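Q: I would like to learn how to read a structure feature by feature. Could we take one together, step by step?

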Amino acid sequence: MKSILWKDIKHAETRTYHALLEYGGWGLRNGIFFGKKGTAINIKGNMGIQLILNDNKKILIGTQKKFDADNSISRYLHKNQL
């Protein structure tokens, strides 16, 4: 399992996505053939945490807890950018 450090994240936000259209389905997916969306890790639903890393790689992580994800992004990402 790979870890991503907060300091390696340029931008993060929660967003609605369409798993089939953007990434070709659910699971560990690479959306390069579907509009260069990057990598997705999702199981169900249509809400995810969109990360853009300092090297401009894009990763979408599915979540069913938007409120908690938004709070974590606000707390940790913005804290590390100060």
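A: Gladly, and let us begin with accessibility: a residue is called buried under 20% relative accessible area, exposed over 50%, and partly exposed in between, using a 1.4 Å probe and protein chains only. Lys 66, for example, is partly exposed because its relative accessible area is 38%. Please keep in mind that this is a predicted model, where local features need pLDDT of at least 70, side-chain atom pairs count only at pLDDT 80 or more, and totals for chains, interfaces and linings use all residues. Residues are numbered from 1 along each chain as its sequence is written, and side-chain values use heavy atoms, with hydrogens and water left out.

Q: Which elements make up the protein, and in what order do they run from the N terminus?
A: Helices (H or I, at least four residues) and strands (E, at least two) are DSSP runs, numbered from the N terminus. Here there are two helices and five strands, in the order β-α-β-β-β-β-α.

Q: How do I read the contacts, and what share of them comes from residues 24 or more positions apart?
A: A contact means heavy atoms within 4.5 Å. Among contacts with a separation of 6 or more, 44% link residues 24 or more positions apart.

Q: Which residues make up the largest nonpolar core?
A: In soluble globular proteins, nonpolar side chains tend to be buried together. A nonpolar core is a set of buried Ala, Val, Leu, Ile, Met, Phe, Trp, Tyr and Cys residues joined through side-chain atoms within 4.5 Å. The largest one here has nine residues: Ile 9, Ala 12, Ile 49, Leu 51, Leu 53, Ile 59, Ala 69, Ile 73 and Leu 77. Strand S1 (9-16), strand S4 (47-53) and helix H2 (66-80) each give two or more residues to this core. Another core, of five residues, lies apart from it and includes Tyr 17, Tyr 23, Ala 40 and Leu 60.

Q: Which residues form a nonpolar patch on the surface?
A: Patches are made of residues with over 30% relative accessible area and no salt bridge; like charges are joined within 9 Å, and nonpolar side chains (Val, Leu, Ile, Met, Phe, Trp, Tyr) within 5 Å. Leu 28, Ile 41 and Ile 61 form such a patch, with about 280 Å² of accessible area together. Ile 41 belongs to strand S3 (residues 39-42), and this residue counts as partly exposed because its relative accessibility is 42%.

Q: How many salt bridges are there?
A: Side chains of opposite charge can pair when their charged atoms come close. A salt bridge is a side-chain nitrogen of Lys or Arg within 4 Å of a carboxyl oxygen of Asp or Glu, and by this rule there are four. In one of them, Lys 66 pairs with Asp 70, the closest N and O atoms being 2.6 Å apart. Both residues lie in helix H2, four residues apart, about one turn of the helix. Another joins Asp 55 to Lys 57, with 4.0 Å between the closest N and O atoms. Lys 57 is exposed, since its relative accessible area is 52%.

Definitions and conventions: Accessible areas come from the Shrake-Rupley method with a 1.4 Å probe; for residues, only the protein chains shown count as cover.
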